[in-house]
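Below is a briefing on one protein model. Look at the sequence and structure, then read the points by topic.

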Amino acid sequence: VDCDMQAQRVAVVGGGVSGIAAAKAFKTQGHDVLIIERSSSCGGVWSPLRSYPGVKTQSSRDLYRFTDLDYSEDTPEWPSGKAVLSYLDSYI
């Protein structure tokens, strides 16, 4: 199958983990991506506006990650909300 697609302008609604993953997939295919997020920052539940102080993941960093990006070596086994937000910001 020959799928010669031209780059498109794409809007992703929601800047949480899934929206960020979708935006990355579109960008990887050469599209111009705009994330539309109702709050003032992306990150979904990891945004400081939506999480509580001291929040951490319930899964280890080896499980709570994208398959094509590891956390930095100095990230604790159970990343803080701030560490997850930084990780998400680095993904796109």
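Helix 1 has twelve residues, and at 1.5 Å a residue they should span 16 Å. The expected span is 1.5 Å times one less than the number of residues. The end C-alpha atoms of helix 1 are 17 Å apart, which agrees. Helices (H or I, at least four residues) and strands (E, at least two) are DSSP runs, numbered from the N terminus.

This is a predicted model: local features need pLDDT of at least 70, side-chain atom pairs count only at pLDDT 80 or more, and totals for chains, interfaces and linings use all residues. Residues are numbered from 1 along each chain as its sequence is written, and side-chain values use heavy atoms, with hydrogens and water left out.

**Helix 1**

- Helix 1 covers residues 17–28.
- Gly 19, Ile 20 and Ala 23 are its buried residues. Buried means under 20% relative accessible area, exposed over 50%, and partly exposed in between (1.4 Å probe, protein chains only).
- Seen down the axis, the buried residues of helix 1 fall within an arc of 100 degrees, so they line one face of the helix. The arc is that of the directions from the helix axis to the C-beta atoms.
- Exposed Ser 18 and Thr 28 sit on the face of helix 1 turned away from the buried side.
- The buried residues of helix 1 pack against strand 1, strand 2 and helix 2.

**Lys 27**

- Lys 27 belongs to helix 1. Its relative accessibility is 44%, so Lys 27 counts as partly exposed.
- Beyond its neighbours within four places in sequence, Lys 27 is in contact with Val 33 and Ile 92. Contact means heavy atoms within 4.5 Å.
- Lys 27 and Ile 92 are 65 residues apart in sequence, yet their C-alpha atoms are 8.2 Å apart in space.

**Helix 2**

- Helix 2 takes in residues 81–91.
- Gly 81, Val 84, Leu 85, Tyr 87, Leu 88 and Tyr 91 are buried in helix 2. They cover an arc of only 160 degrees around the axis, which puts them on the same side of helix 2.
- Lys 82 and Asp 89 are exposed, on the face of helix 2 turned away from its buried side.
- The buried residues of helix 2 pack against helix 1.

**Salt bridges**

- Side chains of opposite charge can pair when their charged atoms come close.
- The structure holds two salt bridges. A salt bridge is a side-chain nitrogen of Lys or Arg within 4 Å of a carboxyl oxygen of Asp or Glu.
- Arg 9 pairs with Asp 32, with the closest N and O atoms 3.9 Å apart. The pair links distant parts of the chain: Arg 9 lies in strand 1 and Asp 32 in strand 2 (residues 32–36), 23 residues apart.
- Arg 9 is exposed at 74% relative accessible area, whereas Asp 32 is partly exposed at 46%.
- Asp 70 and Arg 65 form a salt bridge at 3.0 Å, N to O. Asp 70 is exposed at 51%, and Arg 65 is partly exposed at 33%.

**Surface patch**

- Val 13, Leu 34 and Ile 36 form a nonpolar surface patch, with about 310 Å² of accessible area together.
- Patches are made of residues with over 30% relative accessible area and no salt bridge: like charges are joined within 9 Å, nonpolar side chains (Val, Leu, Ile, Met, Phe, Trp, Tyr) within 5 Å. Accessible areas come from the Shrake-Rupley method with a 1.4 Å probe; for residues, only the protein chains shown count as cover.
- Val 13 lies in strand 1 (residues 9–13). Its relative accessible area is 71%, so Val 13 is exposed.

**Arg 61**

- Arg 61 is in the loop between strand 2 and helix 2. It is partly exposed, at 21% relative accessibility.
- Not counting residues up to four places away in sequence, Arg 61 touches several residues, including Tyr 71, Glu 73 and Pro 79.
- Arg 61 and Asp 89 are 28 residues apart along the chain, with 16 Å between their C-alpha atoms.

**Whole protein**

- The protein has two helices and two strands, in the order β-α-β-α from the N terminus.
- Buried residues make up 28% of the 92 residues.
- The C-alpha trace spans about 45 × 30 × 15 Å along its principal axes.
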